[in-house]
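This briefing is meant for a reader who is meeting the structure for the first time.

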Amino acid sequence: MAMSFERKRQLGYRMMMAPALILMGAFIVFPAFYAFSLSLTNDALLGFAAKESSFVGLRNFSRLFSDPLFWNSLKVTLIFVIGSAVIGQFVLGFAAAVCLQREIKYKSIFNAIICLPNAVPEMVVGFLWISMYASGDYGTLNRIVAWFGVDPQQWLYTFPLFSIIIVNTWRGIAFSMILLTSGLASIPKDIYEAARVDGATDKQIFMRITLPMMMPTIFLYMFVSTVTTFAIFGLVYTLSRGGPANSTEILGIYIYNQSFTSFQLGYGAAVAVVSLVVSMLIGFLYVRALKVEV
Amino acid sequence: MFKYVYSLLAVVALNASVPANVLAQDLAKKSTLVIAEHRAARLEALYSLQDKLEQQLGVQLKIVEYPAPAQDYFTKLVTELRAGNAPDVFTIPRDLQLDDLAAAGYLVDLSGAMENWDGYQHLPELIKLLSKGSFDGHNYAVPSIVAVEQLYYRHDLLEQAGISTAQPTSWDDLLNRARQIKHVTGQFPLLFPAGLTWGMGSYTEGYRYLLAGFADYQLLDQQGRYRLGEKAPLEAFKFYQTLVDEQLMPIKPLLNPEPWVIPKYEMFPKGQLMITTCGTWCRVFDWGENSRNPIANIEQAVGTWKIPSADGSDPFVLASMVYAWAVNAKSRQADLAIKLALALGDNDVAITYAQKLGNVPARLDAELHPDYASLGILAQAHKLLPRARALRTTVGSNAVMAGVARATEAVIIGREDAAGAQQLLEDYVSSVLGDEAVSRNQ
């Protein structure tokens, strides 16, 4: 029986989606399930378990939940995500987006300056800021504070978490600004004009028009930045390797340390699974709280 | 169109005919062995030996440069071993990593080859033991150089301050000396590596020195279980606690990402730290005249003490088989790779490496080598080798080292006292290796 035109079209659409689905299956779905299966074993990179691993049920998870270093890592990750992605990048990115909406001189230069950090690879950013934060007289930041009579500081030791939040904020403003600029641009100009005709102040316009109409974009930004910040590794590893005293040991570092420093693949996979669940939970909360359909 | 297709086919055909000739040449060519090496000094040593080794074995050596930091090197190596694409020959940074690698099936059993190797009879008994897997008694590594570890102190500054430079006889004696140094000079007297960021060094360069201070203590019981609940591990943590409580050791630098940099490379050369644990490499690699942090007139400025025992019995030095050569179990040219590993165990190689790195040759007959005199002060350490002490570990040593790093960190940041740290160590090792791996008898 000949296929109807509609069925052919549907099949065509599906065929077009197939490469994306295959890639997602191979590189996202399969590894996620593999990580889960690994988390139920004692697989390791060293020792007898590396040769022949065995099923240990939920032992890795029970060890995980009783490990204070895991809870510390989760806490550090949440502070890092809230501090850099939710507050730092969002506030500064939004401010930059609003400012650059106006007609100002050398706008493209300001745009380029803000976008530049995002063009630098994560590890390079890490090394760059190591030089900024370097202790002793030769650190860039110490040279700056010396102008104000402040003694040289050990920034990554004295303010470790705050220091890495600053770096990630610096790096992420561009993404936030670009996304939020596109959101701002999508708001029809005639709404603003009508509001002004009705005598609305700038504050009222921002609170009653801009912000509500930006909500879908803000949601999208929050969702993406939270999940990507959860997965950060190279930046923090370069800067502090999780120290001092685990104060910057975000989940990515904790997973790496367990899998490739302690060589316990099964346990590392269990942490990765929990990390995935936490990320999904946060994503779900965004969807629910903001009542946005995705 | 067809013109292009024919041209393409002609090119392909031509290429297909060429390999027949090339193949014949290839067969006549030497085999290539891939060898992993890392750190500038070690690479320099290997490159200087490359021609000689190639001629001796009739092979081509492809030297692959690995990351310099020991932990990064080991992680990359282990990951490649697991993936099956590791080099034919590589080094095992520390003897206590041998068991874990061998148990994982990554290493070729060299027992037969070692028996027929003339260098084997010249190895000290301790080093022979350390080259064997604890779980099966088979040889898995060819020892080349050894680290002789003890305490290094600023002889010049202690003399200047009128403080005794005599060998401390016990832990109490060492601590009293440390208190005196702090009182008289105001500087930090002692460094025993600790904490998470120092990694395995918290065990190998710190805690191990203290555990070995009990002549009747071994880390393993007769069943090969770790004896972590006993008096010696507890007393070792108490020693750390004393250092912390009385501020005899710099703590802040130990929490940095590279915790050895400030105390060993800055404070010790500047005289802000007076005594540190270290191996023979420190004289050359850390503070030697060609190092980045040279101590002027180092032969006189820095002295060595043996490690005092806990109870005042004979002080001792520790020996570690470092960077022993091993062969990848998945090597396609295992026989050739074994020959290369054995050749790397020769005294020529060992002395070249020892000179560059500040370690000592593993073989006792190295003293008959014409270049032995070039080792200078290292030769004194080499003579200590037959009476050196070591703590045997077994499969799972990585977990013990990680546990010690956690437990010592808990002590230095004041989260746990000595008893709490011991409990933390036991619990950690049990949770990773299983309860059966830890002997909990008091």
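Two residues are in contact if their C-beta atoms, placed from the backbone, lie within 7 Å. With that cut-off, 68% of the contacts in chain A with a separation of 6 or more are accounted for by residues 24 or more positions apart. The model described here is predicted, and every value below is computed from it.

**Chain A as a whole**

- Chain A has 14 helices and 0 strands, and its pattern along the sequence is accordingly written as α-α-α-α-α-α-α-α-α-α-α-α-α-α.
- Taken along the principal axes, the box that the C-alpha atoms of chain A fill is roughly 85 × 75 × 30 Å.
- Of the 294 residues in chain A, 35% are buried.
- Helix 10 of chain A, residues 189-197, is hardly covered, with a count of 0 buried residues among its 9 residues, and just after this helix Gly199(A) takes a positive phi of about 90°.

**Where chain A touches chain B**

- The contact between the two chains draws on 19 residues from chain A and 25 residues from chain B.
- On the side of chain A that touches chain B, helix 2 (48-51) and helix 13 (251-261) of chain A are the elements that give two or more residues, and the largest share, 3 residues, comes from helix 2 of chain A.
- Sorted by class, that side of chain A holds 9 nonpolar, 7 polar and 3 charged residues.

**The two domains of chain B**

- The domain assignment of chain B gives domain 1, made of 31-141 + 322-383, and domain 2, made of 148-317 + 393-439.
- Over C-alpha atoms, the centres of domain 1 of chain B and domain 2 of chain B are separated by 27 Å, and 17 residues of domain 1 of chain B are in contact with 17 residues of domain 2 of chain B.
- On the side of domain 1 of chain B that touches domain 2 of chain B, helix 4 (98-103) and helix 16 (378-383) of chain B each supply at least two residues, and helix 4 of chain B gives the most, with 3 residues.
- The residues on that side of domain 1 of chain B comprise 9 nonpolar, 5 polar and 3 charged.

**Helix 18 of chain B and its packing with helix 10**

- Helix 10 (residues 231-245) and helix 18 (residues 418-433) of chain B pack with their axes 8 Å apart and at an angle of about 130°, which makes helix 10 of chain B oblique to helix 18 of chain B.
- The crossing of helix 10 of chain B and helix 18 of chain B is right-handed, and the residues that make the contact include Phe237(B) of helix 10 and Leu425(B) of helix 18.
- By class, the contact of helix 10 of chain B with helix 18 of chain B has 7 nonpolar, 2 polar and 1 charged residues.

**Helix 18 of chain B and its packing with helix 17**

- The axes of helix 17 (residues 397-412) and helix 18 of chain B come within 8 Å and cross at roughly 150°, and helix 17 of chain B and helix 18 of chain B are therefore roughly antiparallel to each other.
- Helix 17 of chain B passes helix 18 of chain B in a right-handed crossing.
- Among the residues that meet here are Val400(B) and Val404(B) in helix 17 of chain B, and Leu424(B) and Tyr428(B) in helix 18 of chain B.
- The contact of helix 17 of chain B with helix 18 of chain B has 14 nonpolar, 3 polar and 1 charged residues.

Note on methods: Residues numbered from 1 in each chain as written. Chains lettered and ligands numbered in written order. Predicted model: local features only at pLDDT ≥ 70, side-chain atom pairs only at ≥ 80, totals over all residues. Helix = DSSP H or I, 4+ residues; strand = E, 2+ residues; numbered from the N terminus. Buried ≥ 20, exposed ≤ 12 C-beta atoms within 10 Å, placed from the backbone. Nonpolar A, V, L, I, M, F, W, Y, C, P; charged D, E, K, R; others polar. Domains from an automatic or database assignment. Axes fitted to C-alpha atoms, helices over the stretch in contact; angles between N-to-C directions. Parallel < 35°, antiparallel > 145°, perpendicular 65-115°, else oblique. Left-handed = near helix turned anticlockwise from the far one by under 90°.
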